[in-house]
Amino acid sequence: MKLQPRQQLLELWEATARTSYQERSWVWGGRDGSNSISDAEQLLCLMYPAAELPGFRLDTPDETSDDVLDTLATLGDSVEIPRLLLRLFSHYLRTYTGADGKAIFSGGSYFQPSAPDGEITPDQREIDVVDSYSMSITLMLSILGFLKVFRQSVRREGIRREIRELETLAGNRLSAAMVGMLRSFSVNAFEPGSPQGQALLRTANQTGAPTRRVLDDFQKQLQGVRAGLRDLTIGSGVVDLDNPNLLFECGWSWGVVKDAPTVDTEREVGPQPKGIAADTPYLYFTVNALVGLVDLWSERTRVLGLLDDSQQQLAAALQLRWDLTQGYWRTVATYGRGRWPLEDIPWRTTDGKESDYYSLGVTAMVVQYLSRNRAGDVDLNRVAGVLEELAMRARITRRAIPGDPPVALHAPGVRVNLSGTEELGPPMIWVVSDFSITLLKRTIWVANVAQSSRTRERLHNLADLIWQHILSRQFNSGLHKGLWDQPANAFPDVVIRQEQPSWYFTERVVEFLVSLAQASGESPLRSAQLFDIASDMLSEAEHLLNREQVLRPVLPGQNIRSSVSGVQAGLQRARAIMGERPASAIALITNALLELERQATARENASEAM
């Protein structure tokens, strides 16, 4: 691939610092102003790489890399940067904690009225939203990990006391976000003959089979998910699924669902708000919830012990919902023996709406499943075909022409109606404009688990094309150079040029680059064919080495072991790495064979001269 994640992350950090820290003061808010999500996204542009990549650590001043310090020179040196981060953490945590102790997860300026002339009420702007829960989980875990490590480098009691206070605030907010997630989970059950049931069966039935046969088989494949949903005990999503004839769907609504019960927890989370969100899953919010929740059971979270006992219980309840949701959507998306419903683009939801963005959302859940289960290349190639088609349909790998409808996927974006908000004022919408970077993230996920070099190359080529499109949408001059998003650079119909960066889009670019950097540190793809070749070559080389040691005459003052030690060491190294890097082993074996051949030729020439 043409991407260089470390260099690009450093450039992005430099742009983030330049934009955010002006005249020794942190400037909150971007294109959409300051709110609990945008401010978290802005912080995560710094904190996510620092938490996930050892080479970007900021929590150990003595070990901070020189290139990182050069990049963040605007923020200070290795001692000043962590102290600045403490102030930023404190500002965020205290700004989004109410006087009553309730953590604030409102959408704020990200909410928009459904009608062009509508005006959102102050109460509506304060409504909690799943995106804020998800982003807060990731940010709080990053903060808690930073504080736990940085505390070991601090001697001043005043700073240590501040760290303890921040740990309490971050831990409480993390618990509140987990509780909000539990109360936003939704299971929507309906009759097969209802409009929702008919829409779901049409999506599943890609072969034109009799509806009754599809219904029976579909219900059978969902028996495990159905049984798991019946075992839910805390939070929302508890419905009666004992009737085996009912169809259902599960996932996350856009916020706390109407009549959601409160959740008991030992941590201080403040008053739990009354839910007003429609008790039905939303694809966009479901995918975002699944992505954010993974951080709760990551290796870093376990190793650093970032969750206390009460949070472990909440995490277990969320992981059950995570597994069930992923199992449900993977079953629906890949149902049948012919064409997958996922391959029937665009995806149709049970309320009759269609969009390429919904196809991308369902693809994310399928990719997560395939990544966890190391799926074969037959399935991965089918997903790769979907990703390629989505890239073309969205005018990412194909040139857009004036009046092209797909451009609306990027600017202004996909409108998501937030059903239930009309209780407090005019209907509201959520606008989603991260299609291209989300597509790139899914492409890299699939490439990372592909076993075939041909499949991986196909996906890397696609990723390079998508990345070139995303690069074209950077700010290319001024204070915000190097940040995103300027869609007018890529599409002729977009005439409005943005003056401020979008932390929403930029943070997702950071997530992508971090995942790419992590994948670069893993072992390369192993070819079974190369492994067999390496094994045969090693067997021959070791045999020739043994023969050389037996036949080679010992000249005065010469040690046989020293003359062949280089060959022997090379073959030992080849045997050690052959399982993970057969191509590298072949290179070592080839060098050893060449040296053995030179020695054999020299011996034969010496014999002929005698």
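In this predicted model, helix H7 (residues 157-184) supplies the largest share of the lining of the largest cavity, namely four residues. That cavity has a volume of about 100 Å³, and the structure holds three cavities of 30 Å³ or more.

**Largest cavity**

- Of the 15 residues that line the largest cavity, Ala176, Val179, Pro271, Gln272 and Pro273 are the closest to its centre.
- Sorted by class, the lining of the largest cavity consists of nine nonpolar, three polar and three charged residues.

**Second largest cavity**

- The second largest cavity has a volume of about 60 Å³, and its lining is formed by Ala199, Leu200, Thr203, Glu249, Tyr328, Trp329, Trp347, Arg348, Thr349 and Thr350.
- Two or more residues of this lining come from each of helix H8 (195-204), helix H13 (309-333) and strand E6 (347-348), and H8 gives the most, with three residues.
- The lining of the second largest cavity divides into five nonpolar, three polar and two charged residues.

**Second largest pocket**

- Strand E9 (428-432) and helix H18 (503-520) each contribute at least two residues to the lining of the second largest pocket, with E9 providing the largest share, three residues.
- By class, the lining of the second largest pocket has eleven nonpolar, seven polar and four charged residues.

**Helix H16 against helix H17**

- Helix H16 (residues 435-449) packs with helix H17 (residues 453-472) at an angle of about 160°, and their axes are 9 Å apart; because of this angle, H16 is roughly antiparallel to H17, and the crossing of the two helices is left-handed.
- On the H16 side the contact involves Ser436, Ile437, Leu439, Leu440, Thr443, Ile444, Val446, Ala447, Asn448 and Val449, which meet Arg456, Leu459, His460, Leu462, Ala463, Ile466, Trp467, His469 and Ile470 in H17.
- The residues of the contact of H16 with H17 comprise 13 nonpolar, five polar and one charged.

**Helix H16 against helix H15**

- The axes of helix H15 (residues 377-393) and H16 come within 10 Å and cross at roughly 160°, so H15 is roughly antiparallel to H16; H15 passes H16 in a left-handed crossing.
- Leu380, Val383, Leu387, Leu390 and Ala391 of H15 make this contact with Phe435, Leu439, Arg442, Thr443, Val446 and Val449 of H16.
- In the contact of H15 with H16 there are nine nonpolar residues, one polar and one charged.

**Helix H16 against helix H18**

- The axes of H16 and H18 come within 9 Å and cross at roughly 10°, an angle which means that H16 is roughly parallel to H18; the crossing of H16 with H18 is left-handed.
- This contact is made by Ser436, Ile437, Leu440, Lys441, Ile444 and Asn448 of H16, together with Phe505, Arg508, Val509, Glu511, Phe512, Leu516 and Ala519 of H18.
- The contact of H16 with H18 divides by residue class into eight nonpolar, two polar and three charged.

**Backbone features**

- Glutamate 23, a residue other than glycine, has a positive phi, near 55°, and glutamate 23 is placed in the loop between strand E1 (21-22) and strand E2 (25-26).

Notes:
Residues numbered from 1 in each chain as written. Predicted model: local features only at pLDDT ≥ 70, side-chain atom pairs only at ≥ 80, totals over all residues. Heavy atoms only, no water. Axes fitted to C-alpha atoms, helices over the stretch in contact; angles between N-to-C directions. Parallel < 35°, antiparallel > 145°, perpendicular 65-115°, else oblique. Left-handed = near helix turned anticlockwise from the far one by under 90°. Contact = heavy atoms within 4.5 Å. Nonpolar A, V, L, I, M, F, W, Y, C, P; charged D, E, K, R; others polar. 1 Å grid on protein atoms, 1.4 Å probe; cavity = no way out; pocket = protein on both sides within 12 Å on 5 of 7 lines; lining within 4 Å. Points joined across faces, edges and corners; volume = space filled by probe spheres on them.
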